[in-house]
Amino acid sequence: MVVSLVATAFWAMLPAYVPNNAAVLAGGGRPIDGGRTWGGRRVLGDGKTWRGTAAGTLAGTLLAVVLNAAAPAVSDALGVSLPTFPLAAGVGLALGAMLGDIGASFLKRRSGRERGAAFPGLDQLDFVVGALALAFVAAPGWFSATFSLPVLAVVLVMTPVLHVVTNVGAYLLGLKNEPW
Ligand code: CTP
Ligand code: K
Ligand code: MG
């Protein structure tokens with residue numbers, strides 16, 4: 001029961017977990033806000049780029065396609081019925097994760113936080129909220145079939161933990177400038 005919930009939550013969110021990490025690896029180039037400011041501060045900042053956003057969205061979407069191919073074998077091995085991803089769900093999760101992170105940067109700049117500043121709580125959940133919201137809009141039937149309330153609860157508890165662990169790891173590996 002618990003194994004099934006955690007496995008389903010993790011699997012269903014993988015296309016939303018990968019985009020931010022892919023963006024870190026691929027980021028650079030032209031910022032989305034083109035350097036523009038609002039109220040004396042950058043609209044988004046240099047940390048949100050077109051290349052990172054495109055790479056993150058693509059990586060999450062491709063992962064969803066790979067997970068679809070692997071779902072039967074992994075489901076058998078775990079004795080759990082793991083979900084597959086219609087294209088709209090994969091894109092919704094991946095693009096939604098990126099948009100949630102971009103929305104958080106917008107809020108960080110409005111509240112005077114410079115690029116890279118921590119915003120505890122928001123940093124760990126921005127992309128989850130974005131991913132779930134866009135997946136719900138893009139694939140409502142799939143969303144309600146996949147995210148039961150218990151699965152959603154596991155997602156909300158598990159994601160901040162995974163976020164902290166992966167970001168500290170990326171920092172220690174020299175891939176990220178800050179451990180958040
Ligand atoms: N990145 C990117 N495009 C995105 C998201 C991330 O290019 N849409 C890259 C940037 O190189 C960024 C790095 O991934 O610096 C780390 O992402 P994040 O921690 O989200 O950005 P920060 O630089 O910390 O900026 P912010 O304070 O706005 O979150
Ligand atoms: K972030
Ligand atoms: Mg950061």
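These legends walk through a few close-up views of a predicted model.

Local features here need pLDDT of at least 70 and side-chain atom pairs count only at pLDDT 80 or more, while totals for chains, interfaces and linings use all residues. Residues are numbered from 1 along each chain as its sequence is written, chains are lettered from A and ligands numbered from 1 in the order written, and side-chain values use heavy atoms, leaving out hydrogens and water.

**View 1. Here are the annotated transmembrane stretches.** An unreviewed UniProt entry puts "transmembrane region" at residues 85–107, 127–145 and 151–174; such annotations may be inferred rather than shown by experiment. Residues 85–107 are 91% helix and 0% strand, with end C-alpha atoms 31 Å apart. For residues 127–145, the figures are 95% helix, 0% strand and 21 Å. Helices (H or I, at least four residues) and strands (E, at least two) are DSSP runs.

View 2. The shell has 17 residues, with K48, T49, S105, R115 and G116 coming nearest; a residue joins if one of its heavy atoms lies within 4 Å. They split into 2 nonpolar, 8 polar and 7 charged, with Asp, Glu, Lys and Arg counted as charged, Ala, Val, Leu, Ile, Met, Phe, Trp, Tyr, Cys and Pro as nonpolar, and the others, Gly among them, as polar.

**View 3. Zoom in on the oxygen atoms of ligand 1.** One is 2.6 Å from a side-chain N or O atom of T49. For R115, that spacing is 2.7 Å, and for K108 it is 3.1 Å. The protein covers 89% of the 570 Å² of accessible area that ligand 1 has on its own (Shrake-Rupley method, 1.4 Å probe).

View 4. α3 gives the most, with 4 residues.

Definitions and conventions. Polar contact = N/O pair within 3.5 Å; in protein donor to acceptor, adjacent residues only side chain to side chain.
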